[in-house]
Amino acid sequence: MELSDKNVWFFIKDSQQQGPVCLFELKKLIEQRVLSGDTYVWNKSMNSWQMAKSLELFSDSIFESTRIHLLPDKFKTNAEYEEATYPNGRPYVRYLARFLDLSLFSLFIITLLSIFSPTFIAETSNFYVFILCLILWIIAEPAIIAIFGNTIGRAFLNTKIKSVDGEKIHFITAFKRSFFVNVLGMGFGIPILTFICFFFSYRDLKGHGMSAWDHKIGTVILYGKVSISRLCIASCIPVGMLAAGVFI
């Protein structure tokens with residue numbers, strides 16, 4: 001994704017210059033505590049590197065998530081703080097939204113096949129049906145995002161996907177992301193490979209606040225507050241379908 005010179009930013013993290021990112025992505029990195037107000041940033045319009053908190057572009061509220069030591073009355077425990085500020089990519093919410101979307105889509109495809117081709121369902125193993133749903137989802141997900149701006153699973157868990165400039169992503173971009181997520185992030189459903197891919201994607205999210213494919217493609221995930229009841233409901237559907245696939 002090409003960025004104009006005024007919207008190209010670099011920052012210092014782990015004693016290394018990183019970037020380029022646009023202003024929107026830089027703000028999200030700060031909001032998610034990947035970066036702090038003390039992070040040195042630079043843009044071509046600036047004469048020298050400056051701390052993010054010294055720039056008028058950033059409001060004071062954007063740094064609140066990095067100031068637990070200044071707000072002792074707001075959070076009683078560090079666990080409450082972690083839940084309130086959604087640091088480091090919220091991998092569990094991302095995974096749960098992904099599984100919820102895939103489970104609902106699989107249920108839709110299985111219902112259609114049961115109506116129009118019951119013999120196919122009866123004669124095909126559950127694993128191959130899952131792989132078929134996964135292949136179709138790589139095409140269906142980008143179409144849903146391009147048309148509606150979000151998927152059911154993400155919307156239910158108050159999560160959105162945007163381009164780095166904050167706009168709705170187009171089909172081609174969504175297709176590239178869906179392909180990378182399902183191949184590199186899920187190992188294409190192959191059991192052992194899936195756990196390996198989950199490990200590396202989880203490490204990226206916890207270490208950098210975003211996945212490798214989001215950084216490469218130019219997309220970001222935005223998080224909102226999610227109730228415990230929604231998390232429980234979202235968990236029941238994938239677990240139920242997994243149990244059905246094993247015992248049926």
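This is a predicted model: local features need pLDDT of at least 70, side-chain atom pairs count only at pLDDT 80 or more; totals for chains, interfaces and linings use all residues.
The protein chain has ten helices and six strands. It runs to 248 residues, and 41% of them are buried. If you take the contacts with a separation of 6 or more, 67% are between residues 24 or more positions apart. As for the surface, the chain exposes about 14100 Å², with carbon and sulfur atoms supplying 64% of that.

Let's go inside. In soluble globular proteins, nonpolar side chains tend to be buried together. Here the largest nonpolar core is a set of 14 residues. The ones with the most contacts inside that core are Trp-9, Phe-11, Leu-26, Leu-35, Val-41, Leu-55 and Phe-58. Strand E1, residues 9-13, and helix H1, residues 23-31, each put in at least two residues. Which element gives the most to this core? That's H1, with four residues.

Skipping its neighbours within four places in sequence, Val-41 is in contact with Trp-9, Phe-10 and Phe-11, then Leu-26, and then Met-46, Ser-48, Trp-49, Gln-50, Ala-52 and Leu-55.

On to helix packing. Two packed helices are described by the angle between their axes and the distance between the axes. Start with H3, residues 91-116, and H5, residues 126-148: their axes come within 9 Å and cross at roughly 110 degrees. An angle from 65 to 115 degrees counts as roughly perpendicular, so that's what we call H3 and H5. The crossing is right-handed. On the H3 side, the contact is made by Asp-101, Leu-102, Phe-105, Ser-106, Ile-109, Ile-110 and Leu-113. From H5 you get Val-129, Phe-130, Leu-132, Cys-133, Leu-134, Leu-136, Trp-137 and Ala-140.

H5 has another partner, H7. Those two pack at an angle of about 145 degrees, with axes 8 Å apart. This crossing is right-handed as well. H5 brings Leu-134, Trp-137, Ile-138, Ile-139, Glu-141, Pro-142, Ala-143, Ile-145 and Ala-146 to the contact, and H7 brings Phe-171, Ala-174, Phe-175, Ser-178, Phe-179 and Asn-182.

Is Asn-182 buried or exposed? The cut-off for buried is under 20% relative accessible area, and Asn-182 has 2% relative accessibility, so it counts as buried. Leaving out residues up to four places away in sequence, Asn-182 touches Leu-134, Trp-137, Ile-138 and Glu-141, plus Gly-187 and Phe-188.

Now over to H10, residues 228-247, where we find Leu-231. Leu-231 and Ala-97 are 134 residues apart in sequence, and their C-alpha atoms are 9.3 Å apart in space. Beyond its neighbours within four places, Leu-231 is in contact with Leu-96, Leu-157 and Val-226.

At 0% relative accessibility, Ala-234 counts as buried. Setting aside neighbours within four places in sequence, Ala-234 contacts Leu-96, Leu-100, Phe-156 and Leu-157. Leu-96 and Leu-157 were also on the contact list for Leu-231.

Last stop, a backbone one. Most residues other than glycine have a negative phi. Asn-158 isn't a glycine, yet its phi is positive, about 55 degrees. Where does Asn-158 lie? In the loop between helix H6, residues 152-156, and strand E5, residues 159-163. Asn-158 counts as partly exposed because its relative accessibility is 35%.

That's my tour; happy to go back to any of these spots.

Notes: Residues are numbered from 1 along each chain as its sequence is written. Side-chain values use heavy atoms; hydrogens and water are left out. Buried means under 20% relative accessible area, exposed over 50%, partly exposed in between (1.4 Å probe, protein chains only). Contact means heavy atoms within 4.5 Å. Accessible areas come from the Shrake-Rupley method with a 1.4 Å probe; for residues, only the protein chains shown count as cover. A nonpolar core is a set of buried Ala, Val, Leu, Ile, Met, Phe, Trp, Tyr and Cys residues joined through side-chain atoms within 4.5 Å. Axes are lines fitted to C-alpha atoms, for helices over the stretch in contact, and angles run from 0 to 180 degrees between N-to-C directions. Angles under 35 degrees count as roughly parallel, over 145 as roughly antiparallel, 65 to 115 as roughly perpendicular and the rest as oblique. A crossing is left-handed if the near helix is turned anticlockwise from the far one by less than a right angle, and right-handed if clockwise.
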